[in-house]
Amino acid sequence: MWRTFGHDKAKRILQAGIAEGRIAHAYMLSGPIGVGKMTLALDFSRALNCVSLEKPCDTCNQCSRIDRDVHTDIHVIRVSEGVKDGRRRVLIGIEQIRDVFRELSLKPYEGKFRVVIVDGAEHFSGEAANSLLKTLEEPPDQVVIVLLTADHNIVLPTVVSRCQLLEMRQLNESVIIEVLQTEHGVQLDKANEIARLSQGMVGWALRATQEPGLIEDLMNRIDVVAEVVGGDIEHRFSYANDLAVTFTRDRWNVRRELDLWLAWWRDVLLVKYELLKLGVNSTRADFLKRISEFLTIEQIIGVLGSIEDTKRVLDRNANPRLALDNLMLSLPKLS
Ligand SMILES: [Zn+2]
């Protein structure tokens, strides 16, 4: 059973590769955080090593050892804190991959394939990227490298070009509602709410069913966005400054925040077109309605464009303070 929901095209490609014995040395799964990249990478690891006819079977020793995270041929590498370009930030350093990569020339210990899953391919330090490139240039047999990234456009092109790229987009709300209802027994009302808030991130949606705090956190962050939108220019600049400081440590957090901004302004637009069924929270609904009444459709679309532009220039390593200040300046005055 593949545990990955949706992403049928990516699954088909991986399945066909295994069935036909055409397995690439390296894959890159590219898609937003929470979209299901790690689940797919682990599904693939099980399918590669599974000994049953129907792969992955979930019951054979290989599948079950990978499931319990004790399989010696499956390595998962995640970002850690380190120093890059003189600044502290999250990265994948050489010391994290050195030992794993050294072992790759050895035959798999217990399975058919050694699989190295690296979560955060955009965070390789220079040294680690060099080591990865060397491995990708002369890939050992029976080794599959699966790189996960939130956006392949900001991974070194020399790395991307050596991988089979599989893009994973946000799932439709209806797919997430179905998963929540059928697989997790969530009531329809709740499933609707979580699916809407998840913005297509099935991983987030599943976690939200277990941890109600996640929804509350998200609502609080949405409130912060609303306060900044309704606030004066000083309030907006102070927010931009906080976000710029966060950016130097953890750019993905800022990206997620900007996605939240996009979602919030899309809601304003939907309210304008009377396409959004406003939820039960009347304070939030009232505010959205007031904003949408106050602004023209062109202004709202203008803000959405500015947020997209900001995301783009930040990806190109623009000065974060400048980029975020510009975004604040582009917001319409509401007083
Ligand atoms: Zn199996």
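This is a predicted model: local features need pLDDT of at least 70, side-chain atom pairs count only at pLDDT 80 or more; totals for chains, interfaces and linings use all residues.
Helix α7 passes helix α8 in a right-handed crossing. Helix α7 covers residues 173–184 and helix α8 covers residues 188–198; their axes come within 9 Å and cross at roughly 135°. Angles over 145 degrees would count as roughly antiparallel, and the two helices are therefore described as oblique to each other.

The residues that bring these helices together can be named. From α7, the contact involves Glu 173, Ile 176, Ile 177, Leu 180 and Gln 181. From α8, it involves Leu 188, Ala 191, Asn 192, Ile 194, Ala 195, Arg 196 and Ser 198.

A second pair of helices may be set beside the first. Helix α4 (residues 94–103) packs against helix α5 (residues 126–137) at an angle of about 25°, and their axes lie 8 Å apart. Because angles under 35 degrees count as roughly parallel, α4 and α5 are roughly parallel to each other. Here the crossing of α4 past α5 is left-handed. On the α4 side, Ile 94, Ile 97 and Phe 101 make the contact, while Glu 127, Ala 128, Ser 131 and Thr 135 make it on the α5 side. These residues divide into 4 nonpolar, 2 polar and 1 charged.

Strands of a sheet pair through backbone hydrogen bonds, in either a parallel or an antiparallel sense. In this model, 5 strands form an open sheet with parallel pairing, in the order β2-β5-β6-β1-β7. At the edges stand β2 (74–78) and β7 (164–167), each of which pairs on one side only. From one strand to the next, the twist averages 15°.

Strand β1 (residues 26–30) is joined to strand β6 (residues 143–149) over 5 bridges, in the parallel sense. Within this pairing, Met 28 has Leu 147 of β6 as its bridge partner.

Finally, the chain may be viewed as a whole. Its domain assignment gives domain 1 (8–167), domain 2 (172–210) and domain 3 (213–330). The centres of domain 1 and domain 2, taken over C-alpha atoms, are separated by 27 Å. Each of these two domains contributes 4 residues to the contact between them. On the side of domain 1 that touches domain 2, the residues are 2 nonpolar and 2 polar, with no charged residue.

Notes: Residues are numbered from 1 along each chain as its sequence is written. Domain bounds come from an automatic or database domain assignment. Two residues are in contact if their C-beta atoms, placed from the backbone, lie within 7 Å. Ala, Val, Leu, Ile, Met, Phe, Trp, Tyr, Cys and Pro count as nonpolar, Asp, Glu, Lys and Arg as charged, and the others, Gly among them, as polar. Axes are lines fitted to C-alpha atoms, for helices over the stretch in contact, and angles run from 0 to 180 degrees between N-to-C directions. Helices (H or I, at least four residues) and strands (E, at least two) are DSSP runs, numbered from the N terminus. Angles under 35 degrees count as roughly parallel, over 145 as roughly antiparallel, 65 to 115 as roughly perpendicular and the rest as oblique. A crossing is left-handed if the near helix is turned anticlockwise from the far one by less than a right angle, and right-handed if clockwise. Two strands pair if DSSP finds at least two bridges between them.
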